[in-house]
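Student: Hi! Could you walk me through this model?
Tutor: Happy to, let's look at it together.

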Amino acid sequence: MGASDTLVAYWGEHRAQLRQSESQRAVLTNYVLAVAAAISGLVVQQRFRAQTLPLSVLVVLIGLYGALAAAKYHERANYHLGQARALTRTLVQSGDLPDNAVLLDQFRDEHARAYPRLYRVRLHWLWTGLHLGVAAYGLVLVILTVTVR
């Protein structure tokens, strides 16, 4: 196994880790949404009785935890993407991989023109925002539990 084969294997490992971080973020979000929905259903079914206040607080905490974990998954994915990009640069500089920078830049420009608004929206903000929305929903449950009698 030559040096370039080792670099390609290492590059593949970083790309796999990046995909795993993204998959784990999606699974976490599904769990957060399912648990928050189940808890809020119980709170509503109990007509916001005072005894459900801890459950409403739990929804807030689950949403905040989800936001923090989603941000951490983004950090890990970004780390592995950076490592893969550095290895790609090394493979290009060594001549083991053709330099497609001009072609890639052209595609990125075309893509940005095709989706001018969406191109600027960072996906990790959507993930984190969804979890913060769950926390805000939990806060609404807390307020309703405290005020509805």
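Student: Which hand does the crossing of H1 and H2 have?
Tutor: The crossing of H1 and H2 is left-handed, a term used if the near helix is turned anticlockwise from the far one by less than a right angle. Helices here are DSSP runs (H or I, at least four residues), numbered from the N terminus. Before we go on: this is a predicted model, where local features need pLDDT of at least 70, side-chain atom pairs count only at pLDDT 80 or more, and totals for chains, interfaces and linings use all residues. Residues are numbered from 1 along each chain as its sequence is written, and side-chain values use heavy atoms, with hydrogens and water left out.

Student: At roughly what angle do the axes of H1 and H2 cross?
Tutor: Roughly 170°, and the axes come within 9 Å. Axes are lines fitted to C-alpha atoms, for helices over the stretch in contact, with angles from 0 to 180 degrees between N-to-C directions. H1 and H2 are therefore roughly antiparallel, the word for angles over 145 degrees.

Student: And what residue classes are in the contact of H1 with H2?
Tutor: That contact has 26 nonpolar, 12 polar and 4 charged residues. Nonpolar covers Ala, Val, Leu, Ile, Met, Phe, Trp, Tyr, Cys and Pro; charged covers Asp, Glu, Lys and Arg; the others, Gly among them, are polar.

Student: How about H2 and H4, where do their axes cross?
Tutor: The axes of H2 and H4 come within 8 Å and cross at roughly 170°, so H2 and H4 are roughly antiparallel too. Their contact divides into 17 nonpolar, 9 polar and no charged residues.

Student: New topic: how many residues make up the largest nonpolar core?
Tutor: There are 11, including Leu28, Phe48, Val59 and Leu141. A nonpolar core is a set of buried Ala, Val, Leu, Ile, Met, Phe, Trp, Tyr and Cys residues joined through side-chain atoms within 4.5 Å. Helices H1 (3-45), H2 (53-94) and H4 (123-147) each give two or more residues to this core, and H1 gives the most, with 5.

Student: Is Ser56 buried or exposed?
Tutor: Ser56 is in helix H2 and counts as buried because its relative accessibility is 0% (buried is under 20% relative accessible area, exposed over 50%, partly exposed in between; 1.4 Å probe, protein chains only).

Student: What is Ser56 in contact with?
Tutor: Leaving aside neighbours within four places in sequence, Ser56 is in contact with Val43, Gly138, Leu141, Val142 and Thr145. Contact means heavy atoms within 4.5 Å.

Definitions and conventions. Parallel < 35°, antiparallel > 145°, perpendicular 65-115°, else oblique.
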